[in-house]
Amino acid sequence: MLKPILLVEDNPHDLELTLIALSKSQLANEVVIARDGAEALDYLMCRGEFSNRQAGNPAVVLLDLKLPKVDGLEVLKEIRNTAGSRSIPVVMLTSSKEEQDLLRSYELGVNAYVVKPVDFNEFVRAIADLGIFWAVLNEPPPGSQRYIKPK
């Protein structure tokens, strides 16, 4: 089974566009959706409503910066400070072009920082490229697995 992609997005419009773009890239990976930072952390740490989910990290986390409950920078910080999730690729997918957001994201260990294009076709291309790179082309760190072993 392919590892899922965790999409953390609170804006319904951006969520829909991202899902359309990922489907156009024809990736077979399941897309797990978290609508706020707390839900994303629950998924990653297998707690709350996700306490019974199949073990294993996602192929990549596509993380919005401005989120309710726990913002994207705090989610990223928690991912990097937790041994079991430290090596998960995280792509900040945001509309923020603020230099402080960019710098802070890289200081906390983000793998890539992508500003959401305004044009629909550019957005679809950007998301498709991200999905293909992180879910298919990228080699995970030693000791990681590209696939989740079925139980």
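I began with Lys69, which I found in the loop between E3 and H3. This is a predicted model, and I read every value below as computed from it. The phi of Lys69 is near 70 degrees, a positive value in a residue other than glycine.

Next I took the overall layout. The chain holds five helices and five strands, and along the sequence they follow the pattern β-α-β-α-β-α-β-α-β-α. Of the 151 residues in the chain, 47% are buried. When I took the contacts between residues at least 6 apart in sequence, I found that 65% of them join residues at least 24 apart.

I turned to helix H2, residues 37-44, and asked how many of its eight residues are buried. Six of them are, so H2 is largely enclosed by the rest of the structure. The buried residues are Gly37, Glu39, Ala40, Leu41, Tyr43 and Leu44, and what covers them includes strand E1 (5-8) together with E2, E3 and H3.

The axes of H2 and H3 (residues 72-81) come within 9 Å and cross at roughly 15 degrees. That makes H2 roughly parallel to H3, because angles under 35 degrees are put in that class. The crossing of H2 and H3 is right-handed. On the H2 side the contact is made by Gly37, Ala40, Leu41 and Leu44, and on the H3 side by Val75, Glu78 and Ile79. By class, the contact of H2 with H3 has five nonpolar residues, one polar and one charged. I noted beside this list that an α-helix has 3.6 residues a turn, so residues three or four places apart point the same way.

Which residue's side chain reaches the backbone at the start of H2? It is Asp36, a side-chain oxygen of which comes to within 3.0 Å of the backbone nitrogen of Ala38. The side chain of Asp36 also reaches the backbone nitrogen of Glu39, at 2.7 Å. Asp36 lies in the loop between strand E2 (31-34) and H2. Its relative accessible area is 10%, so Asp36 falls under the 20% cut-off and counts as buried. Leaving aside its neighbours within four places in sequence, I found Asp36 in contact with Val8, Leu67, Pro68 and Lys69, which brought me back to the residue I had started from.

At the other end I checked Cys46, which takes a positive phi of about 55 degrees just after H2. Cys46 is in the loop between H2 and strand E3 (60-63), and it is a residue other than glycine. At 28% relative accessibility, Cys46 counts as partly exposed.

Last, I looked at Ala28, which is in the loop between helix H1 (12-24) and E2. Ala28 counts as exposed, at 65% relative accessibility. I then asked what separates the C-alpha atoms of Ala28 and Pro4, two residues that are 24 apart along the chain; the separation is 9.0 Å.

Technical notes. Residues are numbered from 1 along each chain as its sequence is written. This is a predicted model: local features need pLDDT of at least 70, side-chain atom pairs count only at pLDDT 80 or more; totals for chains, interfaces and linings use all residues. Side-chain values use heavy atoms; hydrogens and water are left out. Axes are lines fitted to C-alpha atoms, for helices over the stretch in contact, and angles run from 0 to 180 degrees between N-to-C directions. Helices (H or I, at least four residues) and strands (E, at least two) are DSSP runs, numbered from the N terminus. Angles under 35 degrees count as roughly parallel, over 145 as roughly antiparallel, 65 to 115 as roughly perpendicular and the rest as oblique. A crossing is left-handed if the near helix is turned anticlockwise from the far one by less than a right angle, and right-handed if clockwise. Contact means heavy atoms within 4.5 Å. Ala, Val, Leu, Ile, Met, Phe, Trp, Tyr, Cys and Pro count as nonpolar, Asp, Glu, Lys and Arg as charged, and the others, Gly among them, as polar. Buried means under 20% relative accessible area, exposed over 50%, partly exposed in between (1.4 Å probe, protein chains only). A polar contact is a pair of N or O atoms within 3.5 Å; within protein, one must be able to donate a hydrogen and the other to accept it, and residues adjacent in sequence count only if both atoms are side-chain atoms.
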